[in-house]
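Here is a short report on one protein model. Keep the structure open beside the text and find each part as it comes up.

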Amino acid sequence: MTDLSRRDFLKLTRDGFLYLSGALAFGGLLRFLSHETNSARKTEFDLGFVDKYPLGSRASISEIPALLIHTDSGFTALSLTCTHLGCTLKPNETGFACPCHNSSFDAEGKVTHGPAVKPLKALRIEITDEGNLKVFTA
Amino acid sequence: MRKLIAISSGILLLALSLAWWMNSRQPQPVELMPILTGQPEYCVTCHSDLPEISASHPVETFGCVSCHGGERLALDADLAHSTMRGGANPSDLSVAEISCGGSSCHTGSEADDRDHIQRVMTSVQSTYAGAIANIRYTFGAQTDLTAHQGINAITDERTQTGITALEIFNPTLESNPMIQKFGEECFTCHINAVPREGESYTRQTGCAACHSTEQHQLTTAISYTQCNTCHNRGNYDLRTMTFVERTDHLTNRLEEYYQPIAQFTQCEYTLDCVDCHTRSEVMGDGDLHSNQKDIQYVQCKTCHGTLTELPLTKTLTDPNDIAFRMAFLKPVVDLKLGDTILVTEQGEPLWNTRVLPDGTYEMIGKATKQKFNFRPVMGTACEQKPNEQESHFCHECHAVER
């Protein structure tokens, strides 16, 4: 076994500490840089194959939330987010009602009762080449 | 030199290891992305156990920060809470405008009856103007009972009462020692005051003084017990200018609760205060007033009428009638278009009442959901004189013996 001189021991210790410090600092930097503080809200939703939504269907898509309507004219999607403060609307006999502040909208999304003043947003729809329905909220 | 470098690198490693260890002890953030702000916040990492504050403020929509403020991405409690508005109470009147206001929220217009903050700020419950005016008048600091000063300086540009502004009451500028002492001893009642110590006085300040009856809960179904954290707790002794707390234990609402010299009818010790007293009386009507009597107007006759007049009623024909909004917030009655309800002399709906087909009336307790049936005075053997219609005349016959 080789005798380790005091100088070599100090050098080895110093190098070891510095390498470990570097690794820790690099790890911390990576963690800092990879942290997603502002994970963007999802704005694109793949609803699957169009055949899932036959003619005449009105499908509630809770993930968005929205109502997907399939009529003779094609697909339309109505946002079910209240235009007053953003609560999720519930369907009722005449259209939709807000459980937070009692705004209500008719089946076409027009305001029938405040405090909301703007109609419900019609969302953009695309059908992909593969036949999937995509809804965009922005 | 080498030794110094080795020691320094050791210290660096130790510091980095310590920082890493402390960081690893932080909870894994739980993200909430409220619809209203669209900005992630980590408050629920620690506060997931809090109940939903109200059905009108779901956390998925509002989040925490839009009302409370605070550092939305901080996981360290001190840092996260460092910029919160009003401490744990964002409805304190010093910050309510920022926390609860906004044209879509509680700083709406007078026309749409959503000017809640303006109403509260100018109400006698906030200004304490009546008490201040009375004391200053009594001890010669002003020559009339009109309010000139309040807890805070405030203006009312659209005054309907003639009072356009209140200056701030500063007891240290008063020459009379009794008024000075009033300022020192008697300022625990206005709704933004820190309450007196003791369980009976426990309430928050600002909007939450009335609307928060349990931790992290807002309600409009306010029980009389919440009102009594300020009211009926004792008396001010004007000789010593101190508040004399009640010493009895409040177990029976009629026998032990109210002031012994006052008279009460069954309504007054059975119903909750908010069953009869309106939002305008309690929260203010948006104008500055000189005292409580100027704003409190509901009397027995409001619901019962007089010998010659039935109480005022209104058939609901407008789906936007404020009665529906109020009923929506406290769904104790299934109010429908076409229902006929009682209204006050100022036209405020007593939306928790209904006129029944037999000419009698029904009231549902807003907090208790208890149903009460009552009838008009007209057609009874009541001997009330036409010029004696105020409630205190009713008390002469209908007060309950105690």
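Please note that the model is predicted.

**Where the chains meet**

Start with the contact between chain A and chain B. Chain A brings 27 residues to it, and chain B brings 27 residues. Which helix gives the most to the side of chain A that touches chain B? That is α1 of chain A, residues 6-34, with 12 residues. By class, this side of chain A has 13 polar, 10 nonpolar and four charged residues.

**Domains of chain B**

Now turn to chain B alone. Its domain assignment gives domain 1 (25-84), domain 2 (116-283) and domain 3 (297-392). Look at domain 2 and domain 3 of chain B. Their C-alpha centres lie 27 Å apart. In the contact between them, 13 residues of domain 2 of chain B meet 13 residues of domain 3 of chain B. On the domain 2 side, α15 (273-276) and α16 (279-283) of chain B each supply at least two residues. The largest share of that side comes from α15(B), with three residues. By class, the domain 2 side has five nonpolar, five polar and three charged residues.

**Nonpolar cores**

Next, look inside. In soluble globular proteins, nonpolar side chains tend to be buried together. The largest nonpolar core here has 26 residues. Which of them touch the most other members? They are B:Cys43, B:Ala96, B:Cys100, B:Ile117, B:Val120 and B:Cys207. Several helices of chain B each supply at least two residues of this core: α4 (65-68), α6 (96-100), α7 (116-122), α11 (208-211) and α15. The core also draws at least three residues from each of domain 1 and domain 2 of chain B.

Take B:Cys207 as an example. Leave aside its neighbours within four places in sequence. B:Cys207 is then in contact with B:Ser91, B:Ala96, B:Cys100 and B:Val120. There is also a second, separate core, of 22 residues. Among its members are A:Ile64, A:Ala77, A:Leu78 and A:Val135.

**A helix with a buried side**

Find helix α19 of chain B, residues 322-329. Its buried residues are B:Ala323, B:Phe324, B:Met326 and B:Ala327. Why are they on the same side of α19(B)? They cover an arc of only 165° around the axis, so they share one side of the helix. The cover over these buried residues includes β7 (340-343) and β8 (349-350) of chain B.

**Strands in chain B**

An open sheet in chain B has three strands, in the order β1-β3-β2, with mixed pairing. Its edge strands are β1 (149-150) and β2 (154-155) of chain B, and each pairs on one side only. β1(B) and β3 of chain B, residues 165-168, pair in the parallel sense over two bridges. Here B:Gly150 stands opposite B:Ile168 in β3(B).

Compare a second pair. β10 (residues 361-364) and β11 (residues 371-374) of chain B pair in the antiparallel sense over four bridges. In this pair, B:Glu362 stands opposite B:Asn373 in β11(B). The hairpin has six residues between the strands, and B:Lys369 takes a positive phi near 65° there.

| Peptide bond | Form | Omega |
|---|---|---|
| A:Ile64 to A:Pro65 | cis | near -10° |
| A:Gly114 to A:Pro115 | cis | near 15° |

Where are these prolines? A:Pro65 is in the loop between β2 (58-61) and β3 (66-71) of chain A. A:Pro115 is in the loop between β8 (111-113) and β9 (122-127) of chain A. A:Ile64, from the table, is also a member of the second core.

Other spots have a positive phi. A:Asn102 has a phi of about 70°, although it is not a glycine. A:Asn102 lies in the loop between β6 (95-97) and β7 (104-106) of chain A. Is A:Asn102 buried or exposed? A:Asn102 counts as buried because it has 21 C-beta neighbours inside 10 Å.

B:Met241 is not a glycine either, and its positive phi is near 55°. B:Met241 sits in the loop between β4 (234-237) and β5 (242-245) of chain B. B:Met241 has 19 C-beta neighbours inside 10 Å, so it counts as partly exposed. The cut-off for buried is 20 or more.

How values were computed: Residues are numbered from 1 along each chain as its sequence is written. Chains are lettered from A and ligands numbered from 1 in the order in which they are written. This is a predicted model: local features need pLDDT of at least 70, side-chain atom pairs count only at pLDDT 80 or more; totals for chains, interfaces and linings use all residues. Two strands pair if DSSP finds at least two bridges between them. Two residues are in contact if their C-beta atoms, placed from the backbone, lie within 7 Å. Ala, Val, Leu, Ile, Met, Phe, Trp, Tyr, Cys and Pro count as nonpolar, Asp, Glu, Lys and Arg as charged, and the others, Gly among them, as polar. Domain bounds come from an automatic or database domain assignment. A residue is buried if 20 or more other C-beta atoms lie within 10 Å of its own, exposed if 12 or fewer, and partly exposed in between; C-beta atoms are placed from the backbone. The arc is that of the directions from the helix axis to the C-beta atoms. A nonpolar core is a set of buried Ala, Val, Leu, Ile, Met, Phe, Trp, Tyr and Cys residues joined through C-beta atoms within 7 Å.
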